[in-house]
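Have a look at the structure below. This report walks through its ring contacts and its nonpolar surface.

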Amino acid sequence: MPIVPPPTPAPSPPPGQLSFHNGDPTILSHASAFATLSPAARRQHLHALIQECTPSELLFLSTTIAPLLKRDFLRALPPEVSLHILNFIDDPRTLARAARVSRYWNELLKDDCLWKAMCVRHGFSRDVDAVESYRREQGLDGRRRSSLSLSGARLPDADRDGARMPVGLQPARAEIDNFPYRRFFIYEHLRMSNWLQQGRLLRIHRAPLHPPVSQDLNAPNAAQAPVANPAIPTSIAIDSSWVVVGLANSRIHIFSARTGVLSRTLVGHESGVWAVSLITEGGRPAPPGVPVSDNYGDPLVATAPQDAMLPALLRYALGLEPPARANGVAPDPFAEGKAAEPPPFGKPSYPGGASDGWGQPNALVVSGGCDKELRVWDVRSGYCIYVLRGHTSTIRCLKVLHGRPIAVSGSRDRTLRVWDIQRGRLLRILEGHTQSVRCLDACGNRVVSGSYDCTCRVWDVDTGACLHVLRGHFHQIYTVAFDGVRIASGGLDTTVRVWDASTGACLALLQGHTALVCQLQLTPTMLATGGSDGRVITFSLKDATFSVVQRLAAHDSSVSGLQLDERFLVTSGNDGRVRLYEFELASAPSPFEPQCRFVRDMCEPSESVWKVAYTRETCAILSKKAGKMVVEIWSFKPEQE
């Protein structure tokens, strides 16, 4: 018997039409009659019909009608109006939740105009270095599209119902396609959260302060045998790749800022290292017209340069070999169209002790100390490239100019010396101080030195001329800060003086500390000071009165470290604590700087903290715990998924 196939089912009704009548002629006639009524009559008919419904039937009507009343108001509006409405949202979490409503909303909320405004609102756009660092790390250029997701995959252009994104969105995106503000905001938000909560401890290194000294007690001069210096950190320099620590036992430790690993130890100094400077690899050469290295006709450079005797590997590290200039540093995509350095002198030095390179392919370290020698090291190989002699006493302070192979060292022999560290030669001697040079700071081709003779001096590095002698302190000067416009100096007389860099006039005498002022840092709008009394005081530079913004009882004893940026203030003290403060974001322009609030202690308390320094994503803390020298390296970089 043949198998009869089942009947073919009737086609489904098209979307939007109800099929509850199942072809009933009575229902069809009622529907046709209802369609011919006037609007007022239709409402009366519906009202009468609803009055006759049971509760279960009313519930059925409610669940049936509610989806029909839903309307995507963002889709109904022009894209520009929708973006304008969304731009009023301040909370990024609200935008993130809204992106989960539909594909259309998700695509709309990818627009970088919204996230650019969010970056400005949360203060992420104020840090120009943060923007450039993110571009560099992510390898971004002007061809990168804003419609890239966080993982780099292109988002779909179609919505759930097949409709493409409106063309009106494209012009808004094309204006800022050169930078992915959404991805940048996510990255910065996670980084800030790590700072405020707790970062990730990359490594902790411990070393005995007093290493055992091998000596023969039966030797005739055993009593006069030298005792090894303690491994006390005296100086630190940090950038995004390396952490360099100078020790009183003549050694220099180099740690990786990305992993926290101790990469190498530089051995060569015969006694304690008191000053280190880190030169970042690559960098941007000096602007046209500024000499990178020249003898300027100075008779002090009559001797033959040492670079002719260097092996090719070290010549390459210094940028002297032709391959280094051809293949060393990739063209900087941010240099084109970027504004020139701010007037009048150039770029201020970094508070972390690092400086921009002049295009050399390897990172370099410059160090000086009690053996009166300045040494130039290649970080990659650990070799000592140059040993520069000339000082007759301990080298106490050191700075390297941005984008130029020029180092300036200050010594207890009362002089400053200018060195060409690319070719290993002395350029000139800066004389004028009558006592030890204790501190210095640089901005462009200007250097400010502070001395135990109670004066500061402003020098032109290119000519060697002393431009100004700043007199006013009554005791020894221990710290100076220079931003190209103003000079701040502090010392044993417990006062801070602010000077005009162009005229040398004293602008303000700031009081508030009761002991030695040992820490200073200038920002474009604020001056922060730290003293041996444990206080940290911030002064506003926005008004001519240099008013006090805030007084912090930060530590129970001397402030050993102080560093701040647009958002955070980090202090360390001999009481063994490292404290993090956050500046409040001003909701409207104000003539005064915002105050800061205490956030947290950045590490466990110790016996004493010698040094602290940080970059945007790394912080190095040098402390004493259980009689040992301890180096902690923390990372605040968002972890890659």
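What follows is a short tour of aromatic rings, charges over rings and a surface patch. Keep in mind that this is a predicted model.

Let's start with the rings. The structure holds seven aromatic pairs. In one of them, tryptophan 195 and phenylalanine 568 count as stacked, because their ring centres are 5.2 Å apart and their planes sit at 25°. Tryptophan 195 belongs to helix H11 (residues 181–196) and phenylalanine 568 to strand E28 (residues 568–573), so this pair ties together parts 373 residues apart in sequence. Tryptophan 195 also pairs with tyrosine 614: here the centres are 5.3 Å apart and the planes are at 70°, so the pair is edge-to-face. Ring pairs join Trp195, Phe568, Tyr614 and Phe636 into a cluster.

How buried are three of these ring residues?

| Residue | Relative accessibility | Class |
|---|---|---|
| Tryptophan 195 | 1% | buried |
| Phenylalanine 568 | 2% | buried |
| Tyrosine 614 | 5% | buried |

Charges meet rings as well. Arginine 75 puts its charged end over the ring of tyrosine 104, 4.4 Å from the centre, and arginine 579 does likewise over phenylalanine 598, at 5.4 Å.

Now for the surface. Leu46, Leu49, Ile50, Leu58, Phe60, Leu61, Ile65 and Leu69 make a nonpolar patch of about 720 Å². Helices H2 (39–51) and H3 (55–69) each supply at least two of its residues, and H3 gives the largest share, five residues. Leucine 61 lies in H3 and counts as partly exposed because its relative accessibility is 30%.

Technical notes
Residues are numbered from 1 along each chain as its sequence is written. This is a predicted model: local features need pLDDT of at least 70, side-chain atom pairs count only at pLDDT 80 or more; totals for chains, interfaces and linings use all residues. Side-chain values use heavy atoms; hydrogens and water are left out. Patches are made of residues with over 30% relative accessible area and no salt bridge: like charges are joined within 9 Å, nonpolar side chains (Val, Leu, Ile, Met, Phe, Trp, Tyr) within 5 Å. Accessible areas come from the Shrake-Rupley method with a 1.4 Å probe; for residues, only the protein chains shown count as cover. A salt bridge is a side-chain nitrogen of Lys or Arg within 4 Å of a carboxyl oxygen of Asp or Glu. Helices (H or I, at least four residues) and strands (E, at least two) are DSSP runs, numbered from the N terminus. Buried means under 20% relative accessible area, exposed over 50%, partly exposed in between (1.4 Å probe, protein chains only). Rings of Phe, Tyr and Trp (its six-membered ring) pair if their centres lie within 6.5 Å; planes under 30 degrees apart count as stacked, over 60 as edge-to-face and the rest as tilted. A charge sits over a ring if NZ of Lys or CZ of Arg is within 6 Å of the ring centre and within 35 degrees of the ring normal.
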